[in-house]
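Hi everyone, thanks for coming. I'd like to walk you through one structure today, so please have a look at it with me.

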Amino acid sequence: MIPKTRHPNVRGTRTGYVIRYTCPSCTAESVIVNKSARDHFREARAAVCRHCRTRINVLTPGKDS
Ligand SMILES: [Zn+2]
């Protein structure tokens, strides 16, 4: 299930518990660190770019991909 939002979708890349994504607005790379196992298995999450404050819907690949 991917929640529907009005925010742009960005596909992130997962490295362990860290998800990296590139802001579509300012092209800055940011990271999300999962703090719980429940977060770890979510397929998408809302993020806010720390550089330009753009809200982003980050799609995270499954743990096997
Ligand atoms: Zn940005």
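**The core and the metal site**

Let's begin with the largest nonpolar core, which has nine residues: V10, I19, Y21, C23, I32, A47, C49, I56 and V58. Two strands, β3 and β6, each give at least two residues to this core. Before I go on, please keep in mind that this is a predicted model. As general background, nonpolar side chains in soluble globular proteins tend to be buried together.

What does I32 touch, if we skip residues up to four places away in sequence? The list is Y17, V18, I19, Y21, R45, A47 and V58.

Now to the zinc ion. Which protein atoms are its donors? They are the SG atoms of C23, C26, C49 and C52, lying 2.3 Å from the ion. Along the chain, these donors follow the spacing C-x2-C-x22-C-x2-C. C23 and C52 link distant parts of the chain, as they are 29 residues apart. C23 sits in the loop between β3 (18–22) and β4 (29–33), and C52 sits in the loop between β5 (44–48) and β6 (55–59).

Why do we call the arrangement tetrahedral? The four donor atoms subtend angles of 105 to 113° around the zinc ion, and that makes it tetrahedral. For reference, the ideal angle for four tetrahedral donors is 109.5 degrees.

Are these cysteines buried or exposed? C23 has a relative accessible area of 1%, so it is buried. C49 is at 0%, so it counts as buried too. C52 is partly exposed, with a relative accessible area of 29%.

Let's turn to charged side chains. In general, side chains of opposite charge can pair when their charged atoms come close. This structure holds one salt bridge. R20 forms it with E29, and the closest N and O atoms are 3.5 Å apart. R20 is partly exposed, with a relative accessible area of 36%.

My last stop is T60, in the segment after β6. Is T60 buried or exposed? At 6% relative accessibility, it counts as buried. Leaving aside neighbours within four places in sequence, T60 is in contact with R14, I19, R42, E43, A44 and R45.

Terms used. Residues numbered from 1 in each chain as written. Predicted model: local features only at pLDDT ≥ 70, side-chain atom pairs only at ≥ 80, totals over all residues. Heavy atoms only, no water. Donors = N, O, S within 2.8 Å, 3.2 Å for Na, K, Ca; no water. Tetrahedral: all angles 85-135°; square planar, octahedral: opposite > 155°, others 65-115°. Helix = DSSP H or I, 4+ residues; strand = E, 2+ residues; numbered from the N terminus. Buried < 20%, exposed > 50% of the residue type's maximum accessible area, 1.4 Å probe, protein only. Salt bridge = Lys/Arg side-chain N within 4 Å of Asp/Glu carboxyl O. Contact = heavy atoms within 4.5 Å. Core = buried A, V, L, I, M, F, W, Y, C linked by side-chain atoms within 4.5 Å.
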